[in-house]
Amino acid sequence: YQRRVRGDKHLTLNRRMQEHTVVRTTVAKLDSNSVTTLYLNSEHIPFGDAIIPGTGIRLSDSSINKISNGLQFNTSLTALHLLSNNISSLGATSLSNALKFNTSLTFLDLGRNHIIEIGAGAIAASLHTNTSLKILWLDQNNISDSGATSLSNALKINTSLKELYLGANKISDTGATAIANALKLNT
């Protein structure tokens with residue numbers, strides 16, 4: 001269903017929908033530039049005093065690829081919530097390709113997925129050219145030091161990203177130091 005919150009158009013999809021229906025509905029909304037926020041998290045998430053219902057579906061890399069194609073030239077979407085899906089490095093690579101062209105997305109939540117360092121590297125590569133993304137959640141993705149290094153290299157170039165969440169990954173002091181050093185250069 002679609003609902004309007006504070007004048008913005010938000011899309012939260014029904015728990016009874018099949019994955020292909022979720023993807024078809026999402027791509028149609030992206031193609032028509034008719035939604036500003038997409039909640040495609042598989043689990044319920046707290047949002048202020050409310051709860052955003054989850055879809056109950058863990059979207060696959062194939063579904064993320066289709067959504068990424070719609071995201072690439074979308075001009076209305078500002079927030080994309082993809083918490084707790086089955087997104088691997090393949091899905092992250094599809095999203096990173098879309099981020100290289102998308103100019104409206106300011107918030108992306110990829111928390112609790114499986115993008116590992118390869119996916120983190122792909123997302124980092126998109127940050128070299130993307131100037132719209134302000135908040136990026138990559139927590140609980142099994143990202144190691146090599147993924148942190150890729151992100152740190154992107155942070156040396158990208159000055160538009162203001163918040164990066166990397167909690168509960170496999171980043172040691174080495175990766176954390178690389179991120180910290182990059183932030184010193186990031187203005």
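Reader: In the protein, what share of the contacts between residues at least 6 apart in sequence join residues at least 24 apart?
Author: The model is predicted. Contacts here are counted between residues at least 6 apart in sequence, and the share that joins residues at least 24 apart is 80%.

Reader: How does the radius of gyration of the protein compare with the globule rule for 187 residues?
Author: The secondary structure comes to six helices and nine strands. For 187 residues the globule rule gives 16 Å, and the protein is close to that value, so it is as compact as a globular protein of that length. The C-alpha trace spans about 45 × 35 × 25 Å along its principal axes. The radius of gyration is 16 Å.

Reader: What percentage of the residues in the protein is buried?
Author: Buried means under 20% relative accessible area. Of the 187 residues in the protein, the buried ones make up 51%.

Reader: Which residues touch the most other members of the largest nonpolar core?
Author: This core has 42 residues. Helices α1 (19–31), α2 (61–71), α3 (89–99), α4 (116–127), α5 (145–155) and α6 (173–185) each supply at least two of its residues. The residues that touch the most other members are L59, L80, L82 and L108.

Reader: Are α1 and α2 roughly parallel or roughly antiparallel to each other?
Author: The axes of α1 and α2 come within 8 Å and cross at roughly 10°. The contact has five nonpolar, three polar and three charged residues. Angles under 35 degrees count as roughly parallel. The two helices, α1 and α2, are therefore roughly parallel.

Reader: Is N74 buried or exposed?
Author: N74 sits in the loop between α2 and β6 (79–81). Not counting residues up to four places away in sequence, N74 touches K29, L30, N33, N102 and S104. Its relative accessibility is 2%, so N74 counts as buried.

Reader: What is the separation of the C-alpha atoms of S62 and L90?
Author: S62 lies in helix α2. At 44% relative accessibility S62 counts as partly exposed. S62 and L90 are 28 residues apart along the chain, and their C-alpha atoms are separated by 8.7 Å.

Reader: What is the phi of Q140, which is not a glycine?
Author: Most residues other than glycine have a negative phi. Q140 lies in the loop between β8 (135–137) and α5, and at 37% relative accessibility Q140 counts as partly exposed. Although Q140 is not a glycine, its phi is positive, at about 55°.

Reader: Where is N142 found?
Author: N142 is not a glycine, yet has a positive phi of about 55°. At 34% relative accessibility, N142 counts as partly exposed. N142 is found in the loop between β8 and α5.

Terms used:
Residues numbered from 1 in each chain as written. Predicted model: local features only at pLDDT ≥ 70, side-chain atom pairs only at ≥ 80, totals over all residues. Heavy atoms only, no water. Core = buried A, V, L, I, M, F, W, Y, C linked by side-chain atoms within 4.5 Å. Buried < 20%, exposed > 50% of the residue type's maximum accessible area, 1.4 Å probe, protein only. Helix = DSSP H or I, 4+ residues; strand = E, 2+ residues; numbered from the N terminus. Axes fitted to C-alpha atoms, helices over the stretch in contact; angles between N-to-C directions. Parallel < 35°, antiparallel > 145°, perpendicular 65-115°, else oblique. Nonpolar A, V, L, I, M, F, W, Y, C, P; charged D, E, K, R; others polar. Rg over C-alpha atoms; globule rule 2.2 N^0.38 Å. Contact = heavy atoms within 4.5 Å.
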